[in-house]
Amino acid sequence: MVSLGRLGAAAAVGLAATGSSLGVGAAGPAAVGAWKKCYAQDKAAPFVLFAFIGAPMSQTIYGMILMGWINTALDASLAAHQAINWGGMLGAGIFGGLGMGVSAWYQGVIGAAAADAMAETGKGFGNYLMTLGIIETLAILVLVFIPPAFRLAGGA
């Protein structure tokens with residue numbers, strides 16, 4: 001039972017990091033291509049494109065927070081000699097990590113489009129950043145609402 005709870009903790013950070021990797025993998029090549037276009041046209045290459053590349057990484061941090069929360073709940077159950085809600089921990093890790101990971105992945109897809117548009121026009125950075133923030137909010141909502149759902153399911 002303890003191992004299944006720990007698996008949930010690992011899933012939280014692992015799935016979130018997988019999504020972050022996919023997101024950076026989507027935005028990075030687009031930014032490199034945008035910079036190439038700028039260099040080919042003798043235009044300044046906008047440094048701010050790094051913001052679009054790095055944005056999906058924050059979901060890994062959220063996954064680490066969820067991992068820590070699951071491990072803390074597991075340790076508290078063990079210390080109190082209580083039954084371990086391994087199903088809740090496993091579910092919280094898998095579904096929480098998956099929600100955060102998909103958010104990161106599509107944040108990278110949005111970042112790719114934003115990098116191309118920003119390099120071409122030099123305008124709209126605030127709008128692009130707000131668009132990234134909207135999908136980031138979904139990962140934050142997952143982080144906020146997974147713990148109460150776990151407590152309602154009988155967790156620590």
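Reply: Helices here are DSSP runs of H or I with at least four residues, strands are runs of E with at least two, and both are numbered from the N terminus. The model is predicted, so local features need pLDDT of at least 70, side-chain atom pairs count only at pLDDT 80 or more, and totals for chains, interfaces and linings use all residues. Residues are numbered from 1 along each chain as its sequence is written, and side-chain values use heavy atoms, with hydrogens and water left out.

The largest share of the nonpolar patch, seven residues, comes from α4. The patch consists of Leu 15, Leu 22, Ile 94, Phe 95, Leu 98, Val 102, Trp 105, Tyr 106 and Val 109, and together they have about 790 Å² of accessible area. Two elements, α1 (2-40) and α4 (86-121), each give two or more residues to it. A patch is made of residues with over 30% relative accessible area and no salt bridge; nonpolar side chains (Val, Leu, Ile, Met, Phe, Trp, Tyr) are joined within 5 Å, like charges within 9 Å. A salt bridge is a side-chain nitrogen of Lys or Arg within 4 Å of a carboxyl oxygen of Asp or Glu. Accessible areas come from the Shrake-Rupley method with a 1.4 Å probe, and for residues only the protein chains shown count as cover.

One of the patch residues, Phe 95, lies in helix α4. Phe 95 counts as exposed because its relative accessibility is 60% (exposed means over 50%, buried under 20%, partly exposed in between).

The two helices also pack against each other: the axes of α1 and α4 are 7 Å apart, at an angle of about 5 degrees. Axes are lines fitted to C-alpha atoms, for helices over the stretch in contact, and angles run from 0 to 180 degrees between N-to-C directions. The pair is therefore roughly parallel, the word for angles under 35 degrees; over 145 is roughly antiparallel, 65 to 115 roughly perpendicular and the rest oblique. The contact of α1 with α4 has 25 nonpolar, 10 polar and three charged residues. In this count Ala, Val, Leu, Ile, Met, Phe, Trp, Tyr, Cys and Pro are nonpolar, Asp, Glu, Lys and Arg charged, and the others, Gly among them, polar.

Ser 20 is in helix α1 and, at 4% relative accessibility, counts as buried.

Notes: Buried means under 20% relative accessible area, exposed over 50%, partly exposed in between (1.4 Å probe, protein chains only).
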